Amino acid sequence: MQKISLKEIKNRMFFPQTFESDSPKYTSEIAKNFAKIIKKGDNIFLTGDLGTGKTFFTKELLTSLETEDFVNSPSFKLINEYRTKSFKILHFDLYRLENVDEILYLGWEEMMTSDAICIVEWAERAKNILPEKRYEISFEHFFQHFSTKKKEVNKRMIKIIKID
């Protein structure tokens with residue numbers, strides 16, 4: 001796979017699309033351009049192992065959407081709510097939940113059909129109750145090593161799919 005340049009990312013927001021990121025700057029650029037196409041009521045589901053960039057991507061996405069609040073992971077609260085000038089964003093972290101009943105107890109169905117943008121980390125825990133229309137973004141490490149200067153190189157694949 002040929003890496004898409006930072007300048008080309010803005011022209012590549014069609015789906016499915018796979019990006020090869022080797023830096024926070026590149027991942028940030030993907031999030032920034034993705035923010036330009038999402039709208040109120042969109043549901044965005046992120047999957048991937050620990051440390052693959054889900055929370056970083058979410059923070060960059062929320063910053064690009066011009067949230068008025070400090071952005072942090074809702075790992076212990078399960079849901080954070082953020083506001084922009086024209087809509088709200090619900091940010092879920094399902095890592096600590098054990099089963100679908102716990103997810104449904106949060107008011108899942110109502111939130112997924114609201115006009116808020118819903119961003120869900122660890123969405124694989126809700127795979128059987130995802131809404132029909134959604135974006136799925138998967139994060140996967142595919143290369144880690146140390147360069148000759150002892151600097152860690154940490155590459156990931158970010159795949160974005162739109163399901164209508």
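**Exercise 1.** In this predicted model, find the backbone oxygen that the side chain of R134 reaches, and describe the surroundings of R134.

*Solution.* Let's start with the side chain.

- Step 1: The side chain of R134 comes to 2.6 Å from the backbone oxygen of P131. The cut-off for a polar contact between N or O atoms is 3.5 Å, and the pair meets it.
- Step 2: Is R134 buried or exposed? Its relative accessibility is 17%. Buried means under 20%, so R134 counts as buried.
- Step 3: Now look beyond the neighbours within four places in sequence. There, R134 touches N43 and F45, and also I161, K162 and I163.

**Exercise 2.** Work out which strands pair with β4, and in which sense.

- Step 1: Strand β4 spans residues 88-93, and five of its six residues are buried, leaving the strand mostly covered.
- Step 2: On the β3 side, residues 79-83 run antiparallel to β4, with five bridges joining the two strands.
- Step 3: How many residues lie between β3 and β4 in their hairpin? There are four.
- Step 4: With β5 (residues 117-121), β4 pairs in the parallel sense, again over five bridges. Here F92 is found opposite V120 of β5.

Putting the steps together, β4 pairs antiparallel with β3 and parallel with β5.

Terms used: Residues are numbered from 1 along each chain as its sequence is written. This is a predicted model: local features need pLDDT of at least 70, side-chain atom pairs count only at pLDDT 80 or more; totals for chains, interfaces and linings use all residues. Side-chain values use heavy atoms; hydrogens and water are left out. Buried means under 20% relative accessible area, exposed over 50%, partly exposed in between (1.4 Å probe, protein chains only). A polar contact is a pair of N or O atoms within 3.5 Å; within protein, one must be able to donate a hydrogen and the other to accept it, and residues adjacent in sequence count only if both atoms are side-chain atoms. Contact means heavy atoms within 4.5 Å. Two strands pair if DSSP finds at least two bridges between them.
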